[in-house]
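Colleague: Could you take me through this model feature by feature, giving the general idea before the particular case?

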Amino acid sequence: MIGKVYMPEYYGKGSLDGGRIAELKPIGLSGEGSAVNRVGPIFYWSWFRSPIEGTVGEHPHQGFEIVTYMIQGTAVHQDSQGLRGETGAGGLQLMRAGSGLTHEEHYTGPDAEGFQIWLEPYLRDSLKQNPASRQYRHDVFPVNRIQGGSVTTLIGSGSPVDVSVDARMLDIQILAGHEAKYELKPGRYAAALTVRGKGKFNSGEDELVFHHRDFVVMKSEEGEWLTLKAQDNLRMILIDVPEDPGYRLYAKRP
C-alpha cells in the first residue's frame, strides 16, 4: 500500500452566500490551493456546512457527474430541466451535467452538512448527452452489517445510482474497537474522508493513522486487503477509482 494522510489545514477553503455556507475542499478546483489536485477521475470534493440555512444561486455545469451526499440537514435542488427535489440525511443526488444545465441549491438545517463530489467521465462523450438529475432516499442503498458497524454502498454493486465513471462509494460506520476489511484491487486508488472519529488503515506492515477531518489517499500496485480499525466511533466516506480510467483526463491546474 502506498498512502498519505492530508490534514484539514492543507485543504482548500470556500465560503458561499455571505458566509452562510462554509466549505473545506480536500480536492479543489483549479487555483484553489488544495493539497490534492485529483484522485484518478475524482475531480473535486467539497465538504460543506450550513449552520442555519444557505443558498448557492443559479450557476452552470457541463460534462461532469456531480454527486451531492447529505450527512445531515436537507438539500433542495432546482434546475433548468424543470426538476425540483429534496435530498435528506443519508440521501444522494446525482446530476449528470451532460451538454449543460443551470441549477441552484438551498441547504436547510439546523447544521446542514454534506459533500459535493465531481466525477469526471469521458468528457468528449458526456458533453453530447442530455443532462439529467435524480434524488435517492437513504433507504434505497444496500447496507452490509458487520460486527460493530455497517457499510452502505452509495455507488457500486447493488446501488441504484448509475454513474458512467468506474467508481465505488461507501459510507462506513464502525464503533470504537471494531474493524472492517476492504479489498483494494491492482491499479486503483481509495480516497477516504474522516467525517467523525479516528483510526488507522493497515496492510501488512504498512500503517496510516488518521484523525477527524483527515483525508487519506491510498494506492495499490498489486492488490491487497486493507484493515480499517476504529479507535473512536468512526464514520468515513470512501471512494474507490482506477488510477487510469482508460481515457484522457482534463488537464487541471494545481
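Modeller: The protein chain exposes about 11,700 Å², of which carbon and sulfur atoms supply 46%; accessible areas come from the Shrake-Rupley method with a 1.4 Å probe, and for residues only the protein chains shown count as cover. This is a predicted model, in which local features need pLDDT of at least 70 and side-chain atom pairs count only at pLDDT 80 or more, while totals for chains, interfaces and linings use all residues. Residues are numbered from 1 along each chain as its sequence is written, and side-chain values use heavy atoms, with hydrogens and water left out.

Colleague: What percentage of the 254 residues do buried residues make up?

Modeller: Buried means under 20% relative accessible area, exposed over 50% and partly exposed in between (1.4 Å probe, protein chains only). Buried residues make up 51% of the 254 residues in the protein chain.

Colleague: How should I read an aromatic pair, and how many does a search of the whole structure find?

Modeller: A pair of aromatic rings is described by the distance of the centres and the angle of the planes. Rings of Phe, Tyr and Trp (its six-membered ring) pair if their centres lie within 6.5 Å, and planes under 30 degrees apart count as stacked, over 60 as edge-to-face and the rest as tilted. The search of the whole structure finds 11 aromatic pairs. One of them joins Trp 45 and Phe 115 edge-to-face, at 6.2 Å centre to centre with 90° between the planes. This pair links distant parts of the chain, 70 residues apart, with Trp 45 in strand E4 (residues 42-50) and Phe 115 in strand E9 (residues 101-119); helices (H or I, at least four residues) and strands (E, at least two) are DSSP runs, numbered from the N terminus. Both Trp 45 and Phe 115 are buried.

Colleague: Which residues does Thr 68 touch?

Modeller: Contact means heavy atoms within 4.5 Å. Thr 68, which lies in strand E6 (residues 65-79), touches residues including Phe 48, Glu 105 and Phe 115, where residues up to four places away in sequence are not counted. Thr 68 is buried, with a relative accessible area of 4%.

Colleague: Where does the charged end of Lys 252 sit?

Modeller: A charge sits over a ring if NZ of Lys or CZ of Arg is within 6 Å of the ring centre and within 35 degrees of the ring normal. The charged end of Lys 252 sits over the ring of Phe 43, 4.3 Å from its centre, and Phe 43 forms one aromatic cluster with Tyr 44, Phe 64, Trp 118 and Tyr 250.
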